[in-house]
Amino acid sequence: MPLTSLLQKTFGFPAFRANQEAVCRAATDGRDVLLVMPTGAGKSLCYQLPAIARGGTALVISPLIALMDDQANKLAAAGLRVARIHSGLDREQSRQACRDYLDGTLQFLFIAPERMRVPGFPEMLARRKPALIAIDEAHCISAWGHDFRPDYRTLGDYLPSLRPAPIIALTATATPAVQRDIVAQLQLQQAALFIHGFRRDNLHIEVVEMSKPRRNEFTAKLLSKPENRPAIVYAPSRKAAEDLASMLGGRAAAYHAGLEPSVRERVQRHFQSGQLEVVVATIAFGMGIDKADVRTVLHIALPASVEAYYQEIGRAGRDGLPSRTILLHSFVDRKIHETFLERDYPPAADLDRVAKTLTDEFQPPEPLWQKLRMSADIFQKAVEKLASQGAAQIDMNGLVRANGSAGSSSWRGPYEAQVAHRRGQIDAMAAFAESSQCRMTGLIRHFGDTADSFRPCGNCDVCAPGATSAQSFRTPDSDDLRQLSAILNALQGQSRSTGKLHSELAASALRGTAAANNRRAFDTLLDALVRAGLVDLTTDTFTNGEGNVITYKKAALTYEGREAAQTGTLDAPDLLIKDAAEASPSKSRKSGAATRSSSSSSASARSAAKREPASFTPAQKDLEARLRDWRKAEAAKTGKPAFIVFADSILENIVLAAPSSISSLLQINGIGPEKADRYGAAIIALCTDQSVPGEYGAPSTAARPSAAKVSSSSRPTPSRAKRAEAGPKRVEGGGDGSPNFARSSSKLADQASLPNLAASSAPRVERQTFERTSDRTGEQTYTRPRAATPEPADALTPEQQLLDQRLRDWRKSESERLGLPQFFVLGSSTLRSIVLERPRTLAQLQKINGVGLEKAEKYGPGILQVCNV
């Protein structure tokens, strides 16, 4: 029976949803499949329909009883033969399910992953091969995922005996690193990958910094309006969930793992039926909930990862109607997650002690932790982490033993990498909350949905600040406009440290204003310019001569900002200022101070981990090393630190994206037209294993357009999605008075990239010195005395120099004819590649990095005419 007919007959759906049909056909045809599709997009159908079409019994492995029961009940209601085996059922029910499976009378058998550890159970399944194997919530397999479970990690050991059944792995939240890990751990064979559909146009995403005492009151006010219910509120702890549910009263209830199973089941059932309108829950709530009309999802604290956050907000608006998601956060939330991280991931030294105590025989854990004089909780966590690395085993009775590699410490490297990855997830979530880019675009990029256009959503608090609920904005008055103009004028021609920018303006153009005396008021003005797309904020780091890591935030004008500064008019339609009455107080954060390398050994270990992300493949690590070498040499030509070329965070983005064209390079956060124009050819050559053109692809001083020239030319408005994200926030000092910094999603600048080049082949330059100043708020900024070091001359032959000049003349004429900046016609780095390769045909021209099919068709005849003179 055709799949469409089977869909209509079995489930009553007239047609497939977007992206479902291709997945169903691949699984029905017997291919292994990895499906990453957002919550509510119809993932379950993508294994259920192929299972029915293939006949036989489908084995479904699912991590939560609630999720398992919900899906099994729906299939049974559709007239299908279904059984389950999990801890919530008695032994006889489980035995009957096994008998029905062996008799071939089932169409679906749902099991929990830990069932595979029961002696004899995998062998029983292998006696009658399943027709299809579905692994639901497959991100639990990966140590790089946000919900890693050791029992999922071992599934790959049992699946070969159940072949040749195709395997379909399904999840709503898997980054590219997690996707690769799922394929590897499950040993998927030539898997069909379906990664798409992350955009949710009906969600209004709002992220607000708000102090903890205000959050419950805000939540009560928001949910008092009927249009904002039903709602799910995610709380950071059981106590917080119970306190808020009690405050909301009436038709609200708490839900967390500490409640009796019967209570949790009742809350879930009443919420789905509409008897409860609000559930205040920990992360234990949501999987298996298929409630289409949730109007609001509210987080009253920062989630632990972007993956968890996306999965949770995906429970709003499954019916396609407009829905609201609001995240309330402050710096203290991040510190809580870091505390949880230290609690859940014991030091490697503790794991080492436990590993040396385990033997090859199963033992009860209690005598072992008593022998080690270790708490039961730490011992248990250490054993779990060793088991996740294959160095220990835990049987169904809780007995533990070594697993061969425990005594060799081979687990240590992967474990420390996993801890660094968890820390990076916290960094990424904090960076998302503090970002000034479109919220939906940021989420889509995070999950690597390459099929998306990355267009701004037009619906979040960044794209549509006037539609927010948790904060209000006002139109700037005449005084505001004067101060905003002063900031734009001060940024003309160069990027500036925000601390230095504030201190200089406070003593000049902003003297006597609230922004001069109050850094928060100044930051509110800067935030308005960022939201309006007139200013970009980025964060950079460098290491000074004393070995201290310096973090500072920079502001720079966008193209629109340069236009506004030159014309003296601020008419951006979305230029709105956050209402001071709504701005939440935050802790005073000292900026620009040095983080001392001797502050703690763990801090240095974390920095080291950031310098080499555990999620990089060997090929990516090789590319990272080549990019660092190139960046170091590029910076050495002018004696500037390597981060001036681009920061480590941008380098990491390039490694992950591996762009093969200028257009794909421009999609990377932190790469704008000017950097693509200057460095694009070299970067793409490195990413595609080609020789770097010319002298690292850098245009000469004479050829490079000046800032004023670029500013005065008209060009299309770039998408918000292409603007660089703001980096990490600086945080208050430690208890001993020494400053410390929040870890950022970008890596700390490595010392090898700084101007200490005695051992390198690059020209020797003098060590750069930085002058430190402090403004009235105590923020420290660092400036470097300007050096008038000229850039080296181009190494072109006389014939190439003539061709270079002819091409520049042609480009100028073409840009004037089209009314576009010159680099929109042809970037200087691309022009350099053309000079060096001197193509004679359109096919040769098209292969040059930065040209491609579109430019070859549009400009090819003119370029070839110049080259063939």
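This is a predicted model: local features need pLDDT of at least 70, side-chain atom pairs count only at pLDDT 80 or more; totals for chains, interfaces and linings use all residues.
Local features require pLDDT of at least 70, side-chain atom pairs count only at pLDDT 80 or more, and totals for chains, interfaces and linings use all residues. Residues are numbered from 1 along each chain as its sequence is written, and side-chain values use heavy atoms, with hydrogens and water left out.

Helices (H or I, at least four residues) and strands (E, at least two) are DSSP runs, numbered from the N terminus. Helix 23 covers residues 519-531. At 1.5 Å a residue, its 13 residues should span 18 Å; the expected span is 1.5 Å times one less than the number of residues. The end C-alpha atoms lie 18 Å apart, which agrees. N518 caps the N-terminal end, with a side-chain oxygen 2.7 Å from the backbone nitrogen of R520. After the helix comes G533, whose phi is positive, near 80°.

Buried residues (under 20% relative accessible area, 1.4 Å probe, protein chains only) of helix 23 include R519, F522, L526 and R531. Among the elements covering the buried residues are helix 20 (478-490), helix 21 (498-506) and strand 18 (535-543). Contact here means heavy atoms within 4.5 Å.

Two strands pair if DSSP finds at least two bridges between them. Strand 10 pairs with strand 11 (residues 278-281) in the parallel sense over four bridges. V280 in strand 11 is the bridge partner of A254.

Methods: Buried means under 20% relative accessible area, exposed over 50%, partly exposed in between (1.4 Å probe, protein chains only). A polar contact is a pair of N or O atoms within 3.5 Å; within protein, one must be able to donate a hydrogen and the other to accept it, and residues adjacent in sequence count only if both atoms are side-chain atoms.
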